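Student: I'm about to open a structure I've never seen before, and I'd like to go through it slowly with you. Could you help me find my way around?

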Amino acid sequence: MESNSRRQGRRVVVTGATGNVGTSVVRALVQDPQITSVLALARRRPALEIPKVEWGTVDLSRAESEDQLTDFVRGADAVVHLAWRFQPTHDPVVTWQSNVLGSRRVFEAVARGAVPALVHASSVGAYSPGPKDEPGVDEDWPTDGWPDAAYCREKAYLERVLDTFELRHPHIRVVRMRPGFLFKETAAPEQRRIFAGRHVPGNLLRPDLLPFVPDLEGLRFQVLHTDDAAEAYRLAVLRDVRGPFNLAASPVIDAHALAGLLGARIVRVPRTLVRTVLAGAWRAHAVPASPHLFDAVLRLPVLDSGRARHLLDWQPVHTSEDALKAFLRGVREGAGEDTAPLAGRKIG
């Protein structure tokens, strides 16, 4: 006999619904006729209105959010946990409280609310250093992160938390998404603030002002358009799958690919020099991106997304270069959305 959720349509709860990934995931979910409602949670209620979406506010860093979360998720067919705080990079205790303790509150609410499926946003940052060559590592590669970078440390820690969670709650279907770097046009203001700071003008990304791209040892990383990642999340909600999924698009981005996108030449630069300059700027609070994250990026392995293609029938629509072009366009034009994280303004 068909379940009530299948007859009446599915209800999905999404945390971190106002950010780069959240806005795309919410839209992907509501476009599916099998999903009749989405409860979108964020720290601040946005002005954004989307059909089939109800908004709720919760601060995961606060202990009192536990009861709120249980009420929010009770009766849901799936919870998609995306909420993540990238800053302040100078105070890892603050991000730990939101990202690690907040995530544990979400997981426990899923268990208390008897939600049958949890889809968690992990990351390529959860992986231990690995090879930079294709075809890349699969989902069995160790997830110990790069311990000196708070982002990687927190993502890797939550992998261990979910290991225990799955042992305690084998009836809950747990999916872990491990994408590469995610970009789209309307998320450019948020990402510019996260990595470069609020005061870097978008027109500094004009090709004539970026005469060269530094060719650094280890500068090979993977990019995916956020909307393609959102499609994988939608499929994971609806299909009877478990476990981790790598998500990335081709080609792998390196100095040559960046130079082609920016119309710039390539110059070999010592990694220690770039790190020294970045470390000084970070210590002076001139940029929010830490040298520890720089170290991690140069060590991230290349991912093999074969499992997602096979089990989810997932295929990215955009190339990695398409995603980067969208990001650059968004930075230059001040694109954004009507949410606090994605609010844009033209500064170029």
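Predicted model: local features only at pLDDT ≥ 70, side-chain atom pairs only at ≥ 80, totals over all residues.

Student: What share of the residues is buried?

Tutor: Buried residues account for 53% of the 348 residues. As for the surface, the chain exposes about 15500 Å², and carbon and sulfur atoms supply 53% of that area.

Student: What about contacts between residues at least 6 apart in sequence, how many of those join residues at least 24 apart?

Tutor: Of the contacts between residues at least 6 apart in sequence, 77% join residues that are at least 24 apart.

Student: Switching to charges, how many positive and negative ones are there, and where do their mean positions lie?

Tutor: There are 45 positive and 41 negative charges in the chain, and their mean positions are 3 Å apart.

Student: Now the rings: how many aromatic pairs does the count come to?

Tutor: The count comes to 6 aromatic pairs. One of them is formed by Phe 107 and Phe 165, a tilted pair with 6.0 Å from centre to centre and 50° between the planes. This pair links distant parts of the chain, since Phe 107 sits in helix H4 (residues 92–112) and Phe 165 in helix H5 (residues 150–168), 58 residues apart.

Student: Are Phe 107 and Phe 165 buried or exposed?

Tutor: Phe 107 is buried, with a relative accessible area of 1%, and Phe 165 is buried as well, with a relative accessible area of 3%. Another pair is made by Phe 181 and Phe 221, whose ring centres are 5.6 Å apart and whose planes meet at 85°, so this pair counts as edge-to-face. Here too distant parts of the chain are linked, with Phe 181 in strand E7 (residues 181–183) and Phe 221 in strand E9 (residues 220–221), 40 residues apart.

Student: And why do Phe 181 and Phe 221 get the accessibility labels they have?

Tutor: Phe 181 counts as partly exposed because its relative accessibility is 24%, whereas Phe 221, at 15% relative accessibility, counts as buried. The line between those two labels is drawn at 20% relative accessible area.

Student: Which residues do ring pairs link into a cluster?

Tutor: Trp 84, Phe 86 and Tyr 151 are linked into a cluster by ring pairs.

Student: Let's change topic to the backbone. Which peptide bonds to a proline are cis?

Tutor: The bond from Gln 87 to Pro 88 is cis, with omega near 10°, and the bond from Ser 250 to Pro 251 is also cis, with omega near -5°. Pro 88 lies in the loop between strand E4 (78–81) and H4, while Pro 251 lies in the loop between strand E11 (243–247) and strand E12 (253–254).

Student: Why point those out at all?

Tutor: Most peptide bonds are trans, and most residues other than glycine have a negative phi.

Student: Then which residues have a positive phi although they are not glycine?

Tutor: Among them are Lys 52, with a phi of about 75°, and His 285, with a phi of about 60°. Lys 52 is found in the loop between strand E2 (35–42) and strand E3 (53–57), and at 35% relative accessibility Lys 52 counts as partly exposed. His 285 belongs to the loop between H9 and H10, and at 57% relative accessibility His 285 counts as exposed.

Student: Where is Ser 290, and what does it touch?

Tutor: Ser 290 is in the loop between helix H9 (271–283) and helix H10 (291–297), and at 9% relative accessibility Ser 290 counts as buried. Leaving aside neighbours within four places in sequence, Ser 290 is in contact with Leu 278 and Trp 282.

Student: Last one: where is the place of Ala 340?

Tutor: Ala 340 is in the segment after helix H12 (320–333), and at 40% relative accessibility Ala 340 counts as partly exposed.

Technical notes. Residues numbered from 1 in each chain as written. Heavy atoms only, no water. Helix = DSSP H or I, 4+ residues; strand = E, 2+ residues; numbered from the N terminus. Buried < 20%, exposed > 50% of the residue type's maximum accessible area, 1.4 Å probe, protein only. Contact = heavy atoms within 4.5 Å. Areas by Shrake-Rupley, 256 points an atom, 1.4 Å probe, with all protein chains shown as cover. Lys, Arg positive; Asp, Glu negative; His and termini not counted. Charge placed at Lys NZ, Arg CZ, Asp CG, Glu CD. Phe/Tyr/Trp six-rings, centres within 6.5 Å; stacked < 30°, edge-to-face > 60°.
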